[in-house]
Amino acid sequence: MKLITGLGNPGTKYKKTRHNTGFVFLDALREEFLFQKEYTVTEWEEEKTFMSELSFVKKGSKIIAILQKPLTYMNNSGQAVAKIVKKYDIQTQEDFILVHDDLDLDFGKYKLQYGKAPQGHNGVKDVEERLKTKDFSRLRIGIESRISKCIPGEDFVLMKFTEDELLVLDEVIEDSVKTLLSEILL
């Protein structure tokens, strides 16, 4: 069973912000599973025990993936991840995929990598600290589109995407969903 966690911040205030790219990805991934007849997918449900919204992907009666949106806010994401990893005995090296925004990658790019994290991403840092490992897969989705670095990164990630950027983001999410499905899940 895979655990696919997308990082973001809960609430409408953060909707369409760069830091919520992980949540956007999970919504698209869930939709893709819904279109494939061999899978059944549950609605997003808030699970207070795991401080998350969860959706389960099943093939027949077997759960093949848990989709997780931590509701702890970005910098405390590791709390929610560690709880679900422990409960479901997820083997992080093989079965955990963390999806997050990345200022180290240009906007419109993404990378699926193992053990590689961006510098200074507090959500990723918290996950690594709580799991006590850096050895897991990451889908890094680039958000760096600042013409000038005058806007500090911590402010930039909380800014909303422009309408033009949302069009590009849709394409990147679609491509990255296909990559994840073909290389890891199916």
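Modeller: Start with the second largest pocket. It is lined by 17 residues, and His19, Gly120, His121, Glu154 and Val157 lie nearest its centre. A pocket here is an open set of points on a 1 Å grid over the protein atoms alone, where a 1.4 Å probe fits, with protein on both sides within 12 Å along at least five of seven lines; lining residues have an atom within 4 Å of a point.

Biologist: Experimental or predicted, and what are the ground rules?

Modeller: This is a predicted model: local features need pLDDT of at least 70, side-chain atom pairs count only at pLDDT 80 or more, and totals for chains, interfaces and linings use all residues. Residues are numbered from 1 along each chain as its sequence is written, and side-chain values use heavy atoms, with hydrogens and water left out.

Biologist: What volume does that second largest pocket have?

Modeller: About 290 Å³. The volume is the space filled by probe spheres set on the points, with grid points joined across faces, edges and corners.

Biologist: Which elements line it?

Modeller: β6 (96-106), α4 (122-131) and α5 (153-156) each supply at least two residues. β6 gives the largest share, four residues. Helices (H or I, at least four residues) and strands (E, at least two) are DSSP runs, numbered from the N terminus.

Biologist: And how does that lining divide by residue type?

Modeller: Five nonpolar, eight polar and four charged. Ala, Val, Leu, Ile, Met, Phe, Trp, Tyr, Cys and Pro count as nonpolar; Asp, Glu, Lys and Arg as charged; the others, Gly among them, as polar.

Biologist: Now the largest pocket. What is its volume, and which residues lie nearest its centre?

Modeller: Its volume is about 370 Å³. Lys15, Asn20, Phe23, Val24 and Asp27 lie nearest the centre, out of 17 lining residues. α1 (21-35) and α6 (163-185) each supply at least two of the lining residues. By type, the lining has seven nonpolar, four polar and six charged.

Biologist: Switching to strands. Which way do β4 and β5 run, parallel or antiparallel?

Modeller: Antiparallel, with eight bridges joining β4 (residues 52-59) to β5. Strands pair if DSSP finds at least two bridges between them. Val57 stands opposite Ala65 in β5. The two strands form a hairpin with two residues between them, and Gly60 in the turn has a positive phi of about 70°.

Biologist: What else pairs with β4?

Modeller: β2 (residues 39-41) does, antiparallel over three bridges. There, Val41 has Val57 as its bridge partner. β3 (residues 45-47) also pairs antiparallel with β4 over three bridges, and Glu46 stands opposite Glu53. In the β3 and β4 hairpin, four residues lie between the strands, and Met51 takes a positive phi near 50°.

Biologist: How many bridges does β1 make with β5?

Modeller: Four, in the parallel sense, between β1 (residues 2-6) and β5 (residues 62-70). Thr5 has Gln68 as its bridge partner.

Biologist: Last topic, helices. At what angle do α2 and α4 cross?

Modeller: Roughly 40°, and the axes of α2 (residues 77-87) and α4 come within 7 Å. That makes α2 oblique to α4. Axes are lines fitted to C-alpha atoms, for helices over the stretch in contact, and angles run from 0 to 180 degrees between N-to-C directions. Under 35 degrees counts as roughly parallel, over 145 as roughly antiparallel, 65 to 115 as roughly perpendicular, and the rest as oblique.
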